[in-house]
Amino acid sequence: MWQFLKTWYHRLASPKWFYHTSGRWLPYLAAVTILLLVSGAIWGLGFAPEDARQGNSYRIIYIHVPVSVLALVGYYLMAVAGAIALIWKIKLADMVMVSAAPLGAVLTFLALLTGSIWGKPTWGTYWEWDARITSMLVLLFLYLGVLALSRAFTSRDTAYKACAILSLVGTVNIPIIYKSVDWWYTLHQPATIKLTGGSTIHPAMFKPLLVMIIGFYCFYALVLILNTRAEILRREQRSAWVRELI
Amino acid sequence: MKKARKQRLLLVIFIVVVASLGVGLVLYALRDNINLFYSPLQVQSGEAPFDTRIRVGGEVVTGSFSRASDSLIATFAVTDGAAQVPVQYQGILPDLFAEGEDAVAVGRWSREGVFEAEEVMAKHDEEYTPPEVAEAREQAEKVKAGADQSKRPDN
């Protein structure tokens, strides 16, 4: 068993093997993603009941919550990939880390944008410097920092170390974002979906939200794999198997 | 695990731990400044400064809201359960502003003991319920409150 895991791990670390295997699974993942996102969006935007106080404007949670969740989870993924690249010096981990940065930046930006659009009708303001919103903005800058660092060095060997260290330092921000609404007075309301204890959302509204969250997880995996494949081709363009492919 | 890898693993753990400690200490030192608003108790106990732009937040006291008949001046009070702060505001309130719900006001705390707001924001809660469910819940609460009252001997 251990031996099997070890060989699998080593094969996974080979860009060529990853490229071919992921290519086989991509169509299925894409189909599942589209199915989940389309059905979740229709269910959430069209059929879920409206909120007693916020009316229809609450429906932006079907985008806002999934993109925010993935922005936070994606950061851990990027940092773990960075740690693996740093410790085991695996090229593929470096490629995953670099591919996760622009994706995370876009998701964080979308979370801030949808939150801002939601904030105007409910709170009465587009932007307020409260702990949740500010720490989320810091997350955007961390993603952009990793992205900038990965392009700033001519030597790949220096670049991945700098990116990995910045990603690891930035992990401090994730629990701060998550707990900010409990630790300080903020304009943003506390968490609705709790990991422990009951959620304060009606099941008829929660089910489509869950579909959207799972759909966005699939979407994240899909885009990350596509990004990583592009990165593999870019870096391995001189190798024989890539030349054969193109 | 090879020695070099073990050392790099320790380095990674070291980076995360030191960064967490550093940021944790900074946040602990700044803990009062990170709060978006003062609570009514902090304002009434003199913790909040006079005549500078601050924010105060709390629940809008039920029955405290009134609007002048000839202008847009609105007055209400916010509370945190321990103290109340009267707020005066001229302008349009957000749709979700209501008595019994949370609100945050931006403005100046005057020496006359009135908070002169330039901006009022509503703070919505984390509950999402369909209107029918919310209505049913309110009805149930009313029935329950009525039952409690009728039980009281002096009523």
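This is a predicted model: local features need pLDDT of at least 70, side-chain atom pairs count only at pLDDT 80 or more; totals for chains, interfaces and linings use all residues.
Me: Why are α3(A) and α5(A) called oblique to each other?

Reply: Helix α3 (residues 61-88) and helix α5 (residues 131-152) of chain A have axes that cross at roughly 45°. Angles under 35 degrees would count as roughly parallel and 65 to 115 as roughly perpendicular, so the pair is oblique. The axes come within 12 Å, and α3(A) passes α5(A) in a left-handed crossing.

Me: What makes α3(A) and α5(A) meet, residue by residue?

Reply: Contact means heavy atoms within 4.5 Å. On the α3(A) side are Ser68(A), Ala71(A), Leu72(A), Gly74(A), Tyr75(A) and Met78(A), and they meet Met136(A), Leu139(A), Leu142(A), Tyr143(A) and Val146(A) in α5(A). By class, this contact holds 9 nonpolar, 2 polar and no charged residues. Gly counts as polar.

Me: Which residues lie nearest the centre of the largest pocket, and what is its lining like by class?

Reply: Val65(A), Ser68(A), Val69(A), Arg132(A) and Tyr178(A) lie nearest the centre, out of 40 lining residues. The lining has 28 nonpolar, 10 polar and 2 charged residues. Helix α3(A) supplies the largest share, 8 residues, and the pocket holds about 980 Å³ of space.

Me: How do you know what classes of residue line the second largest pocket?

Reply: Asp, Glu, Lys and Arg count as charged, and the lining has 11 charged residues, with 4 polar and 3 nonpolar. Nearest the centre are Arg53(A), Glu101(B), Glu127(B), Ala134(B) and Glu138(B). Helix α4 (residues 131-151) of chain B gives the most to this lining, with 6 residues.

Methods: Residues are numbered from 1 along each chain as its sequence is written. Chains are lettered from A and ligands numbered from 1 in the order in which they are written. Side-chain values use heavy atoms; hydrogens and water are left out. Axes are lines fitted to C-alpha atoms, for helices over the stretch in contact, and angles run from 0 to 180 degrees between N-to-C directions. Helices (H or I, at least four residues) and strands (E, at least two) are DSSP runs, numbered from the N terminus. Angles under 35 degrees count as roughly parallel, over 145 as roughly antiparallel, 65 to 115 as roughly perpendicular and the rest as oblique. A crossing is left-handed if the near helix is turned anticlockwise from the far one by less than a right angle, and right-handed if clockwise. On a 1 Å grid over the protein atoms alone, a cavity is a set of points where a 1.4 Å probe fits but cannot get out, and a pocket is an open set with protein on both sides within 12 Å along at least five of seven lines; lining residues have an atom within 4 Å of a point. Grid points are joined across faces, edges and corners, and a volume is the space filled by probe spheres set on the points.
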